[in-house]
Amino acid sequence: HVAPLDETGSHPARGLIRAINTMQQRIKTYVEDYEYLAVALAHDLRTPLTRIRLRCEMIGEEAGGKIVSDVHDIEEIVNSVLEFARSGNAAPASEMVDLAALAEATAEDFPGIEVAEEERGLPLLVSSDPTGLKRCLYNLTQNALRYGDRVRIVLRGGPEDATIAVEDNGPGIAASELPQVLRPFYRGEGSRNRASGGIGLGLAITNRIVQSLGGQLELENRPEGGLRATIRLPRLAAA
């Protein structure tokens with residue numbers, strides 16, 4: 001928890017200072033996420049564990065079934081936390097991935113999803129872990145369908161990077177909450193009611209996988225309505 005270094009001096013010195021500042025910020029965010037995760041996990045586990053204790057005192061057939069349901073809730077929470085903990089350990093970016101092919105394969109799992117390419121006919125290649133990247137795109141598409149009924153995957157290429165975005169026509173996210181929704185256990189509706197959808201780890205897991213692949217996940221509200229979730233990765237030059 002110290003102030004970032006001033007980026008002064010020669011060009012190599014400024015580059016080194018910038019790298020140190022970036023590393024410091026990532027470590028700070030990493031520690032804060034785990035501190036927040038510990039508090040949120042304790043909060044989410046407390047209620048079902050209390051119910052288990054009370055029902056064990058008056059055990060019967062009906063209570064036994066409810067205990068099983070409570071245990072299932074705990075298992076889901078624990079499994080999600082473990083998935084989050086492992087999400088930063090994606091495979092090295094060592095394979096060439098065609099984003100257009102990845103988008104088409106993902107769309108096949110969700111009937112009605114449109115795939116749009118800005119550079120149709122030209123390969124949009126990145127060096128990444130195909131399994132981890134497919135998982136991220138699947139998660140974002142599934143999340144978009146939870147809030148909107150029209151979803152499309154959009155591919156864009158720049159001189160140095162390639163992006164694959166998932167757009168929906170849902171309600172979007174309040175501008176004040178956009179910086180927070182990638183944090184673990186954060187729920188936009190301000191509720192810890194799991195019936196509203198998951199426990200608040202889906203976007204956090206996706207964000208960590210993207211970062212481990214050397215990319216960046218960006219969220220923004222679309223001017224025409226809905227949310228755009230963009231994965232940005234370094235682009236490989238076409239052969």
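Guide: Helices (H or I, at least four residues) and strands (E, at least two) are runs assigned by DSSP and numbered from the N terminus. The protein chain has five helices and seven strands, and along the sequence they follow the pattern α-α-β-α-β-β-α-β-β-α-β-β. This is a predicted model, in which local features need pLDDT of at least 70 and side-chain atom pairs count only at pLDDT 80 or more, while totals for chains, interfaces and linings use all residues. Residues are numbered from 1 along each chain as its sequence is written, and side-chain values use heavy atoms, without hydrogens or water.

The part to look at is helix 4, residues 130–147. Helix 4 has 18 residues and spans 26 Å from its first C-alpha to its last.

Next comes burial (buried is under 20% relative accessible area, exposed is over 50%, and partly exposed is in between, with a 1.4 Å probe and protein chains only). The buried residues of helix 4 are G132, L133, C136, L137, L140, T141, N143 and A144. Across the protein chain, buried residues make up 36% of the 239 residues.

Leaving aside neighbours within four places in sequence, I231 is in contact (heavy atoms within 4.5 Å) with L133, C136, L137 and L140, among others. The other partners of I231 include A162, T163, I164, V210, Q216 and L217. In soluble globular proteins, nonpolar side chains tend to be buried together.

The partner of Y138 is F110: the ring centres are 4.9 Å apart and the planes stand at 45 degrees, so the pair is tilted. F110 sits in the loop between helix 3 (99–108) and strand 2 (114–117), while Y138 is in helix 4, so the pair ties together parts 28 residues apart in sequence. F110 is buried, at 10% relative accessible area, whereas Y138 is partly exposed, at 33%.

Helix 5 (residues 202–212) is mostly covered, with eight of its eleven residues buried. The buried ones are L203, A204, I205, T206, N207, R208, I209 and V210. Just after helix 5, G214 takes a positive phi of about 80 degrees.

The strands complete the picture (two strands pair if DSSP finds at least two bridges between them). Strand 3 (residues 125–128) runs antiparallel to strand 1 (residues 95–98), with four bridges joining them. D98 stands opposite L125 of strand 3. Two bridges join strand 3 to strand 7 (residues 227–236), again antiparallel, and V126 has R235 in strand 7 as its bridge partner.

Lastly, among contacts in the protein chain between residues at least 6 apart in sequence, 66% join residues at least 24 apart.

Conventions: Rings of Phe, Tyr and Trp (its six-membered ring) pair if their centres lie within 6.5 Å; planes under 30 degrees apart count as stacked, over 60 as edge-to-face and the rest as tilted. The expected span of a helix is 1.5 Å times one less than its number of residues.
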